[in-house]
Amino acid sequence: MNSDDLADRLLEEPHEKWPPHLRSLRETNVRLPETTRALLKREVKKAKAAQARRTWLVRSAALLLLGCGVAIGSWMYFGRGTGMESVAVLHARGGGIQIAGSPERSPKVLPLGQSIVLGPGSSLLLAFGPLSIEARGPANFRIERKDASGFSFAAQSPSAFVAFAPPGDPHVAIEWQFSATRIELTGTMLSASSTSDRRLKVSILEGAVNLEETRSDGSAISRKLSAGQAFERPADGPGHAYSLPPKERDHLQKLQQRLQDLRAGKPVIDAEVRLESERAIAAHYGALHLVTLKDGRDYRGYAIRGERQVTLHTPSSVFVLDSGSVSSITPTKPETESEE
Amino acid sequence: MSAQKVSLDELDELIDRVGDELFAYLTALTRDPERAADLLQSVFVRFIEQVGRGRIERRTAEHYLKRMCRNAFIDLTRADKRTAALPEGFEIPEPEREKKIRADSHRVRIVLTEALSDPELEPVVQTVLRLRLLEELDVGSICEQTGSSRSTVQRLMRKGVAFLAERFREADLTLADIE
């Protein structure tokens with residue numbers, strides 16, 4: 001059959017005379033029935049609902065896994081086997097506090113294993129599991145878990161630490177790497193400090209301390225210290241132990257109380273820190289107050305109102321006022337530097 | 001860069017866009033609108049599954065659907081044949097010639113239907129073919145609708161049928177098989 005002939009035939013003849021396959025094409029000029037269209041769309045809707053259910057299940061499972069992962073990770077990271085709580089900074093004061101890798105100068109959470117740099121005059125008070133610790137600058141140290149029963153400090157510069165632990169098992173190790181000295185501390189209330197000229201001082205309120213030191217010349221010193229003792233070693237001498245002076249004992253006990261207050265969320269006054277200007281007080285505490293007494297006198301400094309008394313840290317001194325004599329305590333700003 | 005996949009949210013729009021064409025295609029193949037509707041529904045259920053698994057590329061979705069329709073029709077004809085063969089062991093012998101006619105008839109339907117919507121067919125030629133073969137307008141009405149003279153319509157019709165003949169040859173068929 002010639003295609004031109006077929007074309008002419010299709011144009012000239014009525015469709016009844018067309019070849020059967022072409023004749024039936026007319027029947028295919030149809031539209032999708034609405035009932036079929038609705039059925040197809042219903043299938044789509046069912047598929048969407050099934051997919052939404054699957055997505056919900058997958059997301060729920062993923063969230064559950066993520067939650068388990070975070071819980072396990074936190075347990076492994078912060079307190080594997082010790083029941084320790086997260087390491088948290090309680091109190092950071094003064095300038096120059098930096099946590100390596102943290103954009104915040106005073107982060108609320110102190111990750112284990114990260115280096116902490118304290119500038120001169122800075123201090124960091126923190127809750128560390130069951131321990132309360134004060135660290136003073138200049139210092140560059142790192143807190144790491146040592147084993148299942150305790151923690152270690154690794155310091156790379158002169159620093160001072162005061163650690164208070166509840167009686168029992170906690171085990172604290174402080175290692176000053178710059179002087180090749182390792183000190184094992186097992187007391188429950190103790191302080192230890194090292195200075196830039198490599199002098200060392202350790203005070204023990206309770207418990208016992210095992211001090212082991214290895215010097216660069218290879219000589220090793222081992223010494224056991226007991227509660228109520230202090231130990232001082234000059235840069236090059238063997239050192240000597242003596243009874244803890246009452247003043248130092250009192251200082252450590254007050255410090256312990258202050259750390260307990262901080263842990264409880266109470267504001268504290270750093271009486272031992274010399275702050276000689278309003279600007280320094282504002283920078284240290286993050287606030288400055290104007291305290292007006294009922295007799296008309298007023299003081300500028302950092303104030304904490306207790307139940308019966310108001311403690312005030314001013315550029316000249318730290319003193320306590322009777323709450324009944326105070327008319328008002330209002331926030332203020334440092335006056336000009338020339339007046340300071 | 002990975003190809004964009006069809007999502008379930010796009011299917012309603014896809015049904016509206018290609019539903020008529022696929023239904024007409026299946027009707028042309030099956031010569032039975034009810035059967036075409038059933039086939040289209042089963043094709044779509046499988047298509048939705050594939051979409052849900054993220055296996056259908058947006059670029060080829062329509063072509064893929066059409067291929068699924070054709071395969072569904074071929075499966076159906078095989079199934080019909082199997083039904084006719086029952087009961088087992090009592091296959092009704094079918095003369096070779098009749099078997100070939102039936103098989104060719106299915107192929108003619110496929111080639112003819114696909115050729116009429118082939119993208120390689122010039123649009124104006126396709127219009128003339130559809131107006132005459134599907135809507136059965138007379139030559140005068142086609143001239144009126146396309147704004148062409150009788151001789152132009154005749155030329156376009158010849159061109160269209162030549163295109164069909166070419167597609168038949170490619171499928172190892174001849175125009176005589178249309179009869």
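**Interface and local geometry of a two-chain predicted model**

At 66% relative accessibility, B:Asp172 counts as exposed (buried means under 20% relative accessible area, exposed over 50%, partly exposed in between; 1.4 Å probe, protein chains only). The residue lies in the segment after helix H7 (150-170) of chain B. Phi of B:Asp172 is near 65 degrees, a positive value in a residue other than glycine. This is a predicted model: local features need pLDDT of at least 70, side-chain atom pairs count only at pLDDT 80 or more, and totals for chains, interfaces and linings use all residues. Residues are numbered from 1 along each chain as its sequence is written, chains are lettered from A and ligands numbered from 1 in the order in which they are written, and side-chain values use heavy atoms, with hydrogens and water left out.

B:Glu136 also has a positive phi without being glycine, with a value near 55 degrees. Its place is in the loop between helix H5 (123-133) and helix H6 (139-146) of chain B. B:Glu136 is buried, at a relative accessible area of 17%.

Chain B has seven helices and zero strands (DSSP runs, numbered from the N terminus: helices are H or I with at least four residues, strands E with at least two). Along the sequence the pattern reads α-α-α-α-α-α-α. Of the 179 residues in chain B, 42% are buried. Contacts (heavy atoms within 4.5 Å) were also sorted by separation in sequence. Among those in chain B between residues at least 6 apart, 64% join residues at least 24 apart.

The two chains meet through 38 residues of chain A and 43 residues of chain B. The size of an interface is often given as the accessible area lost when the parts come together. Chain A and chain B bury about 4,000 Å² between them, 65% of it on carbon and sulfur atoms (buried area is the accessible area, 1.4 Å probe, that two parts lose on being put together, summed over both). In chain A, the residues that lose the most area to chain B are A:Leu11, A:His21 and A:Leu40, together 18% of what that side buries.

Six salt bridges are counted between chain A and chain B (a side-chain nitrogen of Lys or Arg within 4 Å of a carboxyl oxygen of Asp or Glu). One of them joins B:Asp16 to A:Arg37, with the closest N and O atoms 3.3 Å apart.

On the side of chain A that touches chain B, helix H1 (3-12), helix H2 (20-23) and helix H3 (34-79) each supply at least two residues. H3(A) gives the largest share, 10 residues.

B:Thr27 lies in helix H1 (residues 11-30) of chain B. At 2% relative accessibility, B:Thr27 is buried. Leaving out residues up to four places away in sequence, B:Thr27 touches A:Glu27, A:Thr28, A:Val30, B:Asp32, B:Pro33 and B:Ala36.

Chain A has a mean pLDDT of 77 (the predictor's confidence in each residue, from 0 to 100), and 79% of its residues reach 70 or more. Over residues 78-86 of chain A the pLDDT is below 50. Beyond near neighbours in sequence, this stretch has 22 contacts in the model. Where pLDDT is low, the predicted coordinates should not be read in detail.
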